[in-house]
Amino acid sequence: MIIDMLMYSHLATVVPCIFIGAYLLLSKKGGKVHRTLGKIYMILMLLTAFIAIFLEAQVGPKLVNHFGYIHLFCLLVFWTVPTAYLAIRKGKVKTHQRKMILLYIGAIILAGGFTLAPGRYLHEVFFGG
């Protein structure tokens, strides 16, 4: 029951990030809409990584009988979001841009791709059990 709640909460926080992040990367930068959506995106990414920490790895080797390689993406989020935020606050636009691209590619595209691997819940949803 708890695992289902965690999984659905994780999906509820990460799915909007797929679309918000893509929009932010492709749209005009620096305006009020970009800043507002950027804050929402960063908060959702931190929430999704926090929730993911509590989800036990289902595929591959485990550390402490819980954490898998996919949990490394949580570390990416916990490092990238605050440092990207601080970079833009200090006016370091290029640093902010690099970090946000890294975040989207690593935590959305790569981690999202790994969730489609056999043995994972989303693999069963999209490709059958």
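User: Where is Asn-65 placed?

Analyst: Asn-65 lies in the loop between α2 and α3. Helices are DSSP runs (H or I, at least four residues; strands are E, at least two), numbered from the N terminus. This is a predicted model: local features need pLDDT of at least 70, side-chain atom pairs count only at pLDDT 80 or more, and totals for chains, interfaces and linings use all residues. Residues are numbered from 1 along each chain as its sequence is written, and side-chain values use heavy atoms, with hydrogens and water left out.

User: Why is Asn-65 called exposed?

Analyst: Its relative accessible area is 61%. Exposed means over 50%, buried under 20%, partly exposed in between (1.4 Å probe, protein chains only). So Asn-65 counts as exposed.

User: What is said of the phi of Asn-65?

Analyst: Phi of Asn-65 is near 55°, a positive value in a residue other than glycine. Val-64 also has phi near 55°. Val-64 sits in the loop between α2 and α3 (72–89).

User: Why does Val-64 count as exposed?

Analyst: Val-64 has 65% relative accessibility, so it counts as exposed.

User: What makes Arg-35 partly exposed?

Analyst: Arg-35 has a relative accessible area of 48%, so it is partly exposed. Arg-35 is found in helix α2.

User: Which residues gather in the patch of positive charge?

Analyst: Lys-32, Arg-35, Lys-39 and Arg-89 gather there, on the surface. Patch residues have over 30% relative accessible area and no salt bridge, with like charges joined within 9 Å. A salt bridge is a side-chain nitrogen of Lys or Arg within 4 Å of a carboxyl oxygen of Asp or Glu. Helix α2 (residues 32–53) gives the most, with three residues.

Notes
Patch = residues over 30% accessible without salt bridge, like charges linked within 9 Å, V, L, I, M, F, W, Y side chains within 5 Å. Areas by Shrake-Rupley, 256 points an atom, 1.4 Å probe, with all protein chains shown as cover. Lys, Arg positive; Asp, Glu negative; His and termini not counted. Charge placed at Lys NZ, Arg CZ, Asp CG, Glu CD.
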